[in-house]
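Please have the sequence and the 3D view at hand as you read.

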Amino acid sequence: MAKAKVVTLRPTRPCPICGKPSSQQYHPFCSARCADIDLNRWLSGRYVSPAESVEDEAEEETPPSPDAGDDE
Ligand SMILES: [Zn+2]
């Protein structure tokens with residue numbers, strides 16, 4: 001039989017909150033704290049900054065396509 005054993009070699013997705021490698025226990029977050037932060041985000045219905053400042057925000061505001069026809 002071939003080695004069809006599933007190995008967790010592939011890097012897990014980083015924590016969406018702080019960017020750290022996520023933990024299997026708190027997937028997809030790295031810790032209960034980040035999971036809680038995300039939960040608060042959910043409950044608030046908007047993106048709220050946690051007590052700890054997040055340096056790297058995964059969400060980047062992409063401006064909509066330039067609709068202004070200032071080419072004239
Ligand atoms: Zn985290």
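## The zinc site and its chain

Please keep in mind that the model is predicted.

Which atoms hold the zinc ion? The protein donors are the SG atoms of Cys15, Cys18, Cys30 and Cys34, and they lie 2.2 to 2.4 Å from the metal. The angles among these four donor atoms run from 98 to 121 degrees, and the site is tetrahedral. Along the chain, the donors follow the spacing C-x2-C-x11-C-x3-C.

| Residue | Relative accessible area | Class |
|---|---|---|
| Cys15 | 2% | buried |

Now for the chain as a whole. How many helices and strands does the chain have? The secondary structure comes to one helix and zero strands. Of the 72 residues, 14% count as buried. The accessible surface comes to about 7000 Å², and carbon and sulfur atoms account for 52% of this area. Turning to contacts between residues at least 6 apart in sequence, 5% of them join residues at least 24 apart.

To return to the metal, the zinc ion has its four cysteine SG donors in a tetrahedral arrangement, and among them Cys15 is buried, with a relative accessible area of 2%.

How values were computed. Residues numbered from 1 in each chain as written. Predicted model: local features only at pLDDT ≥ 70, side-chain atom pairs only at ≥ 80, totals over all residues. Heavy atoms only, no water. Donors = N, O, S within 2.8 Å, 3.2 Å for Na, K, Ca; no water. Tetrahedral: all angles 85-135°; square planar, octahedral: opposite > 155°, others 65-115°. Buried < 20%, exposed > 50% of the residue type's maximum accessible area, 1.4 Å probe, protein only. Helix = DSSP H or I, 4+ residues; strand = E, 2+ residues; numbered from the N terminus. Contact = heavy atoms within 4.5 Å. Areas by Shrake-Rupley, 256 points an atom, 1.4 Å probe, with all protein chains shown as cover.
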